[in-house]
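This report goes through one protein model part by part. Please look over the chain before reading on.

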Amino acid sequence: MAQDTPDNTDNRVPEDVTVHWLAEQLEAQAPLFLLDVREPWEYEQARIRDSFGIPMAEIPSRTADLPRDKTIVVICRVGGRSAQVTGWLRSQGFENATNLQGGTNAWATHIDPEMKTY
């Protein structure tokens, strides 16, 4: 279940977050790493500002590129691939990984209507 704010009782990052939560965190300049796991052609179509693109298939070989001291917000088009990557990252010890529910399409709908969808 998505949370608008992390559960501060145990300081863990929630497994899923909303686009509204992300927008608030970006506005507050929270220490985030936006990991877009879509294919390069998708990333070129539309992306959230300051996101870093690593295709889903490359994640297992590129975990060294991921920070352990920031919340990693995993992004895809609608949230399916990012949910899979978030689960895998958490199983690999990245407890700071969280899935952006609804992906770039939700971001375009609720936060940035100028962003293209596909």
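The report covers the basis of the model, the sheet, a helix on it and a loop residue.

## Basis

The model is predicted: local features need pLDDT of at least 70, side-chain atom pairs count only at pLDDT 80 or more, and totals for chains, interfaces and linings use all residues. Residues are numbered from 1 along each chain as its sequence is written, and side-chain values use heavy atoms, with hydrogens and water left out.

## The sheet

Helices (H or I, at least four residues) and strands (E, at least two) are DSSP runs, numbered from the N terminus. Five strands make an open, parallel sheet in the order β1-β5-β4-β2-β3. At its edges lie β1 (16-17) and β3 (52-53), each pairing on one side only; two strands pair if DSSP finds at least two bridges between them.

β1 and β5 run parallel and are joined by two bridges. Asp-16 stands opposite Asn-99 in β5.

## Helix α1

Helix α1 (residues 19-27) packs on the sheet and touches β1, β2 (32-36), β4 (71-75) and β5. Contact means heavy atoms within 4.5 Å.

Val-19, Trp-21 and Leu-22 are the buried residues of α1, where buried means under 20% relative accessible area (1.4 Å probe, protein chains only). They fall within an arc of 155° seen down the axis of α1, so they line one face of the helix; the arc is that of the directions from the helix axis to the C-beta atoms.

## Asn-96

Asn-96 sits in the loop between α3 (80-91) and β5 (97-100). Asn-96 counts as buried because its relative accessibility is 12%.

Definitions and conventions:
Buried means under 20% relative accessible area, exposed over 50%, partly exposed in between (1.4 Å probe, protein chains only). Axes are lines fitted to C-alpha atoms, for helices over the stretch in contact, and angles run from 0 to 180 degrees between N-to-C directions.
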